[in-house]
Amino acid sequence: MSDRITRLTRGMRKRCARCGERDVWASFFELEERCPRCGYLFVREDGYWVGAMTVIIVLTELVFGAVFVGGMLLTWPDVPWTGLLIAGLVLNAVVPVVFYPWSKTTWIGLDLFFSPPTAVEEAESIAASQPPDGS
Ligand SMILES: [Zn+2]
């Protein structure tokens, strides 16, 4: 169980969920195909990133809901509806972009929490992390 929690928390810190490597990003929006340290293949199946989309949608709506309801409660009865509308629109546009990388590694961590790497995935990761023969 602690391995699963470790994988989840590594993912939530934008690291490789399998080994904890930080440098898994080719650019801000592009995750490497495999972890450069442990060789783990990040995409486990077709449509894999639907889970990351779900993570970012849930996060965005939680932030939006907290700001909207918090704003209402703090300013009641003179709620600044226009300000809350603008803040909501901005949050719904900005949060998914800013937290995009986080959503992917968090999804990988969640996925590995519920479905740990199989023996085949472990063997492929080890093989991919070895230097090529003859070098
Ligand atoms: Zn790794």
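**View 1. Four cysteines hold the zinc ion.** The zinc ion has Cys16 (SG), Cys19 (SG), Cys35 (SG) and Cys38 (SG) as its protein donors, lying 2.3 Å from it. Donors are N, O and S atoms within 2.8 Å of the metal (3.2 Å for Na, K and Ca); water is not among the atoms, so sites may look incomplete. The model is predicted: local features need pLDDT of at least 70, side-chain atom pairs count only at pLDDT 80 or more, and totals for chains, interfaces and linings use all residues. Residues are numbered from 1 along each chain as its sequence is written, and side-chain values use heavy atoms, with hydrogens and water left out. Angles among the four donor atoms run from 104 to 113°, and the site is tetrahedral (four donors with all angles between 85 and 135 degrees). Along the chain, the donors follow the spacing C-x2-C-x15-C-x2-C. Cys35 is buried at 4% relative accessible area, and Cys38 is buried at 8%. Buried means under 20% relative accessible area, exposed over 50%, partly exposed in between (1.4 Å probe, protein chains only).

View 2. The structure holds nine aromatic pairs. Rings of Phe, Tyr and Trp (its six-membered ring) pair if their centres lie within 6.5 Å; planes under 30 degrees apart count as stacked, over 60 as edge-to-face and the rest as tilted. One of the pairs is Phe68 with Trp81, tilted, at 6.2 Å centre to centre and 45° between the planes. Phe68 is partly exposed at 26%; Trp81 is partly exposed at 46%.

**View 3. Phe113 and Phe114 meet edge-to-face.** Their ring centres are 4.9 Å apart, with the planes at 80°. Phe113 counts as buried, at 15% relative accessibility. Phe114 counts as exposed, at 61%.

**View 4. Lys104 lies over the face of Trp49.** The distance from the ring centre is 4.4 Å. A charge sits over a ring if NZ of Lys or CZ of Arg is within 6 Å of the ring centre and within 35 degrees of the ring normal.

View 5. A cis peptide bond joins Trp76 and Pro77, with omega about 10°. Lys14 is partly exposed, at 33% relative accessible area.

Methods. Four donors count as tetrahedral if all angles lie between 85 and 135 degrees; four count as square planar and six as octahedral if opposite donors are over 155 degrees apart and all others between 65 and 115; anything else is irregular.
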